[in-house]
Amino acid sequence: MLTPQAIDRVVIAALAEDAPWGDATSDAFLPDGATATAQLVAREPGVFSGGEVFSRTMLAADESTTTAVLLEDGEHFEAGAVLATVSGPARGVLLGERVALNLVQRMSGIATVAARYVDAVADTRARIVDTRKTTPGLRALERHAVRSGGGGNHRFSLSDAVLAKDNHLAVLTASGVSLTDAIIRARARISHTTHLEVEVDRLDQIEPVLAGGVDTIMLDNFSLDELRAGIAIVAGRALVEASGGVNLETVRAIAETGVDIISVGALTHSARALDLGLDLQVEA
């Protein structure tokens with residue numbers, strides 16, 4: 001998912017946004033030929049993500065820079081740890097500094113939150129996955145960060161799988177189409193390799209969905225008792241995903257009901273950027 005091309009699209013757009021006509025400060029203040037070495041330093045503990053993003057940002061800012069990433073994505077670190085180093089023309093290092101920090105801080109913040117959720121459901125069958133509630137344009141980076149934290153990815157885009165949600169079902173109801181018939185028709189229209197999932201918000205919807213033949217059934221905003229009852233009804237005929245009302249205080253209890261998947265929008269839409277800094281050592 002996180003290909004060099006995907007990284008470069010984000011980085012080039014971000015650098016163009018941050019310095020559309022160059023870096024006026026560095027161009028005016030810094031002498032020609034000045035070089036600098038900088039360390040990417042953690043101000044707080046966390047889980048690292050975005051090593052290649054950091055490197056490619058610095059390279060895009062100035063192709064003369066040299067970067068060494070000292071941790072693998074997914075590694076835990078403590079405050080004060082040096083995560084990467086970069087050296088090269090001082091103007092180039094400073095040109096890439098803010099974009100590189102913004103992206104790696106964001107990614108490492110997501111990875112750190114994802115790791116907390118994964119740890120919270122340890123020794124259960126539940127797998128923590130993300131949602132499409134990502135920052136526009138940054139989905140590939142943010143979902144890579146979820147994987148760095150030990151989580152999994154839901155469908156990447158609307159094109160990747162069939163997932164009928166409440167609004168789809170509302171249209172069916174208004175059209176007088178039965179849920180079972182709609183699922184059967186959808187299955188006939190899609191490739192045999194395409195995953196088919198349907199979201200329900202009531203127990204009485206489960207049997208009609210299963211009768212249509214689905215791969216996954218999403219139980220949305222169910223109470224713990226309703227989740228257990230829903231799993232009993234499904235009885236292994238499909239994967240069971242829980243969504244809605246998931247946070248670090250509730251996720252363990254949700255996992256212990258026996259669901260297969262827990263989707264958590266907060267992994268990406270609410271994770272704060274981790275506090276990382278770029279400390280420069282200037283050479284004459």
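Is Arg91 buried, partly exposed or exposed? In this predicted model, Arg91 has a relative accessible area of 28% and is therefore partly exposed. The side chain of Arg91 meets that of Asp32 in a salt bridge, with an N to O distance of 3.0 Å. Arg91 belongs to helix α4, whereas Asp32 sits in the loop between α2 (24-29) and β1 (35-42), so the pair ties together parts that are 59 residues apart in sequence. Asp32 is exposed, at 67% relative accessible area.

The whole structure contains 13 salt bridges. Another of them joins the side chains of Arg43 and Asp279 at 2.9 Å, N to O. Because Arg43 lies in the loop between β1 and β2 (46-47) and Asp279 in strand β12 (residues 276-283), this pair ties together parts that are 236 residues apart in sequence. Both partners are partly exposed: Arg43 has a relative accessible area of 40%, and Asp279 has 30% relative accessibility. A salt bridge is also found between the side chains of Asp204 and Arg202 (2.9 Å, N to O). Here Asp204 is exposed, with a relative accessible area of 52%, while Arg202 is partly exposed at 44%.

Six strands form an open sheet with parallel pairing, in the order β6-β11-β10-β9-β8-β7. Strands β6 (127-129) and β7 (162-164) are at the edges, each pairing on one side only. From one strand to the next, the twist averages 25 degrees. Within the sheet, strand β10 (residues 239-243) is joined to the parallel strand β11 (residues 261-263) by two bridges. Ala242 stands opposite Ile262 of β11.

When neighbours within four places in sequence are left aside, the contacts of Tyr117 are Ile128, Val246, Asn247, Leu248, Val251, Val264, Ala266 and Leu267. In soluble globular proteins, nonpolar side chains tend to be buried together.

An unreviewed UniProt entry lists residues 23-108 as "domain: Quinolinate phosphoribosyl transferase N-terminal". In the model, this span of residues 23-108 is 42% helix and 28% strand, and its end C-alpha atoms lie 27 Å apart.

Terms used:
Residues numbered from 1 in each chain as written. Predicted model: local features only at pLDDT ≥ 70, side-chain atom pairs only at ≥ 80, totals over all residues. Heavy atoms only, no water. Pairing = 2+ DSSP bridges. Helix = DSSP H or I, 4+ residues; strand = E, 2+ residues; numbered from the N terminus. Axes fitted to C-alpha atoms, helices over the stretch in contact; angles between N-to-C directions. Contact = heavy atoms within 4.5 Å. UniProt positions renumbered as here; feature names shortened; annotations may be inferred. Salt bridge = Lys/Arg side-chain N within 4 Å of Asp/Glu carboxyl O. Buried < 20%, exposed > 50% of the residue type's maximum accessible area, 1.4 Å probe, protein only.
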